[in-house]
Amino acid sequence: MLTIDSRLDVMNRLGRAMADPTRSRILLTLLQRPAYPAELARDLELTRPNVSNHLACLRDCGLAVAVPQGRQTRYEIADPHLRRALTALVDVTLAVNENAPCLDPACSAPGCRSTGVEA
């Protein structure tokens, strides 16, 4: 059973992981696809040691997992539920912009702007 303390710990880990712009960029990339550290370093124009340090933090925070593949290690979001939750968090945060339409056409939240139609 989750207690307030365990929920607080989860929130703190999530906040720590997402507070750094580089970790956020890595997370956004991993939301799109699994990736190897060398790919992340190249695509995000970062050094390999920098990427490795940030990936270690994302692993420790429970957001990413390392999947060994032969001599390489691929990184991906830790769980499909987490992938959906992080995607929804980004989408909802973007939808808070009053000029941005809601991404859910079936949304019934009060004051929501559904796609093309104001609620």
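Buried residues make up 26% of the 119 residues in the protein. Buried means under 20% relative accessible area, exposed means over 50%, and partly exposed lies in between, with a 1.4 Å probe and protein chains only. This is a predicted model: local features need pLDDT of at least 70, side-chain atom pairs count only at pLDDT 80 or more, and totals for chains, interfaces and linings use all residues. Residues are numbered from 1 along each chain as its sequence is written, and side-chain values use heavy atoms, with hydrogens and water left out.

**Stop 1: the whole chain**

Switch to cartoon. Five helices and four strands make up the secondary structure. Helices (H or I, at least four residues) and strands (E, at least two) are DSSP runs, numbered from the N terminus. Trace the chain along its sequence and the pattern reads α-α-α-α-β-β-α-β-β. Among contacts between residues at least 6 apart in sequence, 42% join residues at least 24 apart.

**Stop 2: the nonpolar core**

Select I26, L30, L40, L55 and L58. Of the 20 residues in the largest nonpolar core, these five touch the most other members. Such a core is a set of buried Ala, Val, Leu, Ile, Met, Phe, Trp, Tyr and Cys residues joined through side-chain atoms within 4.5 Å. Color α2 (21–32), α3 (37–44), α4 (48–60) and β2 (72–77): these are the elements that give two or more residues to this core.

Center on L40. What does L40 contact, leaving aside its neighbours within four places in sequence? The list is I26, T29, A35, E45, V51 and L55.

**Stop 3**

Step from L40 to E45, one of its contacts. E45 is found in the loop between α3 and α4. Check the backbone here: E45 has a positive phi of about 55° although it is not a glycine. Its relative accessible area is 73%, so E45 is exposed.

Move on to N53, in helix α4. N53 counts as exposed because its relative accessibility is 55%. Draw a distance from N53 to R23. Their C-alpha atoms are separated by 9.6 Å, and the two residues are 30 apart along the chain.

**Stop 4: the salt bridges**

Side chains of opposite charge can pair when their charged atoms come close. How many salt bridges does a search of the whole structure find? It finds five. The criterion is a side-chain nitrogen of Lys or Arg within 4 Å of a carboxyl oxygen of Asp or Glu.

R33 is partly exposed, at 30% relative accessible area.

- E39 meets R33 in a salt bridge at 3.8 Å, N to O. E39 is partly exposed, with a relative accessible area of 24%.
- D43 meets R33 in a salt bridge at 2.8 Å, N to O. This pair links distant parts of the chain: D43 sits in helix α3 and R33 in the loop between α2 and α3, 10 residues apart. D43 is partly exposed, with a relative accessible area of 38%.

Salt bridges that share partners join R33, E39, R42 and D43 into one network.

Next, select R74 and E76. Their side chains meet in a salt bridge at 2.6 Å, N to O. Is R74 buried or exposed? R74 counts as buried, at 19% relative accessibility.

**Stop 5: the second largest pocket**

Show the surface and select V10, R13, L14, C61, G62, L63, L82, A85, L86 and L89. These residues line the second largest pocket. On a 1 Å grid over the protein atoms alone, a pocket is an open set of points where a 1.4 Å probe fits, with protein on both sides within 12 Å along at least five of seven lines; lining residues have an atom within 4 Å of a point. The volume is about 180 Å³, taken as the space filled by probe spheres set on the points, which are joined across faces, edges and corners.

Color the lining by element. α1 (4–19) and α5 (80–95) each supply at least two residues. The largest share, four residues, comes from α5.

The lining divides into eight nonpolar residues, one polar and one charged. Here Ala, Val, Leu, Ile, Met, Phe, Trp, Tyr, Cys and Pro count as nonpolar, Asp, Glu, Lys and Arg as charged, and the others, Gly among them, as polar.

**Stop 6: L86**

Finish on L86, one of the lining residues, in helix α5. L86 is buried, with a relative accessible area of 7%. Not counting residues up to four places away in sequence, L86 touches L14, M18, L27, L31 and I77. The C-alpha atoms of L86 and L63 are separated by 9.6 Å, with the residues 23 apart along the chain.

Technical notes: Contact = heavy atoms within 4.5 Å.
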